[in-house]
Amino acid sequence: MVSADGEPEERMIEAALRPKSLDDFVGQRRVREQLSLVLEASRMRGRSADHVLLSGPPGLGKTTLAMIIAAEMNAPLRITSGPAIQHAGDLAAILSSLSEGEVLFLDEIHRMSRPAEEMLYMAMEDFRVDIVVGKGAGATAIPLDLPPFTLVGATTRAGLLPGPLRDRFGFTGHLEFYAVDELERVLRRSAGLMDLAVNSAGFAEIAMRSRGTPRIANRLLRRVRDWALVHGVDQIDSRAASAALDMYEVDARGLDRLDRAVLQALVGKFHGGPVGLSTLAIAVGEETETVETVAEPYLVREGLLGRTPRGRIAMPAAYEHLGIEPPAGYAAASLSARLDEDVAAGSGMAPLFTGDDVDG
Ligand SMILES: Nc1ncnc2c1ncn2[C@@H]1O[C@H](COP(=O)(O)OP(=O)(O)OP(=O)(O)O)[C@@H](O)[C@H]1O
Ligand SMILES: [Mg+2]
């Protein structure tokens, strides 16, 4: 219910709610201002904009921003994704058919194949690709010039991108979770488009349970709308919103079943941790990547889960949220684990945020 991943059907509904311009895009002030400057400058220079990398958890607006970039540059937009490009030839076909100034949106760029990635380096830097014809000893590379284009890459896992690829982006925008008041604005805008009557307290209640994510906010709004329709409620207030969301098992902090399962496993099976991410994922019957990109970022931000060099730990707030008494001395132990993490981060130890499992 509060997974930030969009189902195919939801992606269609989303299109209708997507802001079309930077001014309409709520929140992310820093990224918006910086991006607006990049676009304005390239418009003044009469050039295509620098390549842009957008990173951040699902549902925060990466695809939306890519579309806005094309719209603001008055340029056509081509959409593809890392998993769709398995051979360098797939990428060559796309690149060689781009028109001048076109915006190429490459979603999930971290999932592109290695050979395609290497072709992309040259295309980004020199607007050139080598098309390889033939096989083995007789193979020859035919250089092909490309028109200037703007690559917009999106990834939920910036840490997985190789340095040389990251370095070729002129601008990197990292999207953060939204504050509650920003989500209220997202909801107000959506309710307007959906012709729904919701009062301020109603918006606040939904926003608080939206895990800092506009996609989830919009989805919860639709569920509350359904509930109100069935219960004959015309004006949605906080009571209606919370009754509806309780029914969908979205708790007061916005945690859903997976989030609670992760915390419960950490606290119950692993006595608060530390435990490796893949072990934790197996314990809740989910893919490691799902736990890492969907559940974990929000749990970390909420101070419920901690990442340490030795694995994931439950923070004291997790016990409190689950209504379970932490073992004696737990707060002190988790604090020292957190200090370890700071030390490791300070010494430039990489594995912490790259998604590599600590226990392999
Ligand atoms: N800043 C915003 N203001 C208003 N609505 C937003 C904003 N950001 C996102 N949304 C809404 O949230 C939905 C999801 O956004 P989007 O598809 O851009 O997320 P994403 O980051 O690309 O997610 P994913 O990683 O799953 O591809 C969109 O339908 C859009 O309406
Ligand atoms: Mg997207």
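## Ligand 1 and its shell

Three helices each supply at least two residues of the shell around ligand 1: H1 (8-17), H3 (62-72) and H9 (214-230). The model is a predicted one. In total, 22 residues surround the ligand. The closest are Glu14, Gly61, Lys62, Thr63 and Thr64.

Domain 1 (28-174) gives at least three residues to the shell, and so does domain 2 (180-247).

## Overall fold

The protein has 16 helices and 9 strands. It runs to 360 residues, of which 38% count as buried. Take the contacts between residues at least 6 apart in sequence: 72% of them join residues at least 24 apart.

## Nonpolar cores

The largest nonpolar core has 44 residues. Within it, Val224 and Leu266 touch the most other members. Helix H9 provides the largest share of this core, 6 residues. Residues come from both domain 2 (180-247) and domain 3 (257-354), so the core lies between these two domains.

Leu266 has contacts beyond its neighbours within four places in sequence. These partners are Gly272, Gly273, Val275, Leu280, Leu305, Arg312, Ala314 and Ala318. A second core is separate and has 38 residues. Leu35, Leu95, Phe105 and Val129 are among its members.

Which residues does UniProt list for "binding site"? An unreviewed UniProt entry lists Arg307 and Arg312. Arg307 is found in strand E8 (residues 305-308). Arg312 is found in strand E9 (residues 311-314).

Are these arginines buried or exposed? Arg307 has 23 other C-beta atoms within 10 Å, so it counts as buried. Arg312 is buried too, because 27 C-beta neighbours lie inside 10 Å. The cut-off for a buried residue is 20 or more.

Setting aside residues up to four places away in sequence, Arg312 touches Leu266, Gly273, Pro274, Val275, Leu277, Leu280, Leu305 and Arg307. One of these partners, Arg307, is the other residue in the UniProt "binding site" listing. Another, Leu266, belongs to the largest nonpolar core. Leu266 and Arg312 both contact Gly273, Val275, Leu280 and Leu305.

How values were computed:
Residues numbered from 1 in each chain as written. Chains lettered and ligands numbered in written order. Predicted model: local features only at pLDDT ≥ 70, side-chain atom pairs only at ≥ 80, totals over all residues. Near = placed C-beta within 6 Å. Helix = DSSP H or I, 4+ residues; strand = E, 2+ residues; numbered from the N terminus. Domains from an automatic or database assignment. Core = buried A, V, L, I, M, F, W, Y, C linked by C-beta atoms within 7 Å. Buried ≥ 20, exposed ≤ 12 C-beta atoms within 10 Å, placed from the backbone. Contact = placed C-beta atoms within 7 Å. UniProt positions renumbered as here; feature names shortened; annotations may be inferred.
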